[in-house]
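I opened my notebook to look through one model with a friendly colleague in mind. Here is what I turned to, entry by entry.

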Amino acid sequence: MSRLSIPEYAMALAHVASMRSEDPYRKVGAAALDFDNRVIGTAYNGLAPGFNAPEGFWDDREARQKFMLHAEVNLCSLFRRGEAKLVATTTMPCTACMQTLCAYGIREIYYRDVYHSSDAPEIARLYGVRLERVDFTPFDGGPIPAAP
């Protein structure tokens, strides 16, 4: 196996972070690197730190969605604006998360899974942010098929 590219490295970290998510429906992880490609942090989607979900909370996906904190928002809480150069996330950022990443000055965003209900590509074009799909899954060492 050859050496991982920086986007693949960041995606591998995001994938591992996603495994910590408590959401049974969608596990999303994210990783941020600084301008020297050092890891600033990793995060995943879930509930606010220290909050324990009541019994039955996870049963109704629609009802609980408004309480979920996205991986990208959790990640941005770990650094200040301008500290991170790139973010890798296992799923394309939703519109609100893409706006947040742009507000934090992120210049490169890599994602694995396409999220069709997102305006991220349009936002990236407007702000001149590199938004690129990386079809890499770290544990099987190979590409994943393109989303339909």
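The entries below go through pockets, a surface patch and salt bridges.

**Ground rules.** I am working with a predicted model, where local features need pLDDT of at least 70, side-chain atom pairs count only at pLDDT 80 or more, and totals for chains, interfaces and linings use all residues. Residues are numbered from 1 along each chain as its sequence is written, and side-chain values use heavy atoms, with hydrogens and water left out.

**Largest pocket.** I looked up the largest pocket and found about 370 Å³ of space in it. A pocket here is an open set of points on a 1 Å grid over the protein atoms alone, where a 1.4 Å probe fits, with protein on both sides within 12 Å along at least five of seven lines; lining residues have an atom within 4 Å of a point. The volume is the space filled by probe spheres set on the points. I noted 18 lining residues, with Arg26, Val28, Gln65, His70 and Tyr115 nearest the centre. Helix 2 (61-64) and helix 3 (71-76) are the elements that each give two or more residues to this lining. Helices are DSSP runs (H or I, at least four residues) and strands are too (E, at least two), numbered from the N terminus. By class, I have eight nonpolar, four polar and six charged residues in the lining.

**Second largest pocket.** This one holds about 210 Å³ of space. Of its 13 lining residues, Tyr44, Leu47, Ala48, Pro49 and Asn74 are the closest to the centre. Strand 2 (residues 39-44) gives the most to the lining, three residues. I sorted the lining into six nonpolar, six polar and one charged.

**Surface patch.** I found a nonpolar patch of Ile6, Tyr9 and Val39, with about 210 Å² of accessible area together. Patch members have over 30% relative accessible area and no salt bridge, and nonpolar side chains are joined within 5 Å. Val39 lies in strand 2 and is partly exposed, at 39% relative accessible area. Buried means under 20%, exposed over 50%, and partly exposed in between (1.4 Å probe, protein chains only).

**Salt bridges.** My search of the whole structure gave six (a side-chain nitrogen of Lys or Arg within 4 Å of a carboxyl oxygen of Asp or Glu). Asp34, Asp36 and Arg38 are linked in a network: Arg38 meets Asp34 at 2.9 Å, N to O, and Asp36 at 3.3 Å. Asp34 is buried at 12%, whereas Asp36 is exposed at 55%. Arg112 pairs with Asp113 at 3.2 Å; Arg112 is buried at 10%, and Asp113 is partly exposed at 27%.

Notes
Nonpolar A, V, L, I, M, F, W, Y, C, P; charged D, E, K, R; others polar. Patch = residues over 30% accessible without salt bridge, like charges linked within 9 Å, V, L, I, M, F, W, Y side chains within 5 Å. Areas by Shrake-Rupley, 256 points an atom, 1.4 Å probe, with all protein chains shown as cover.
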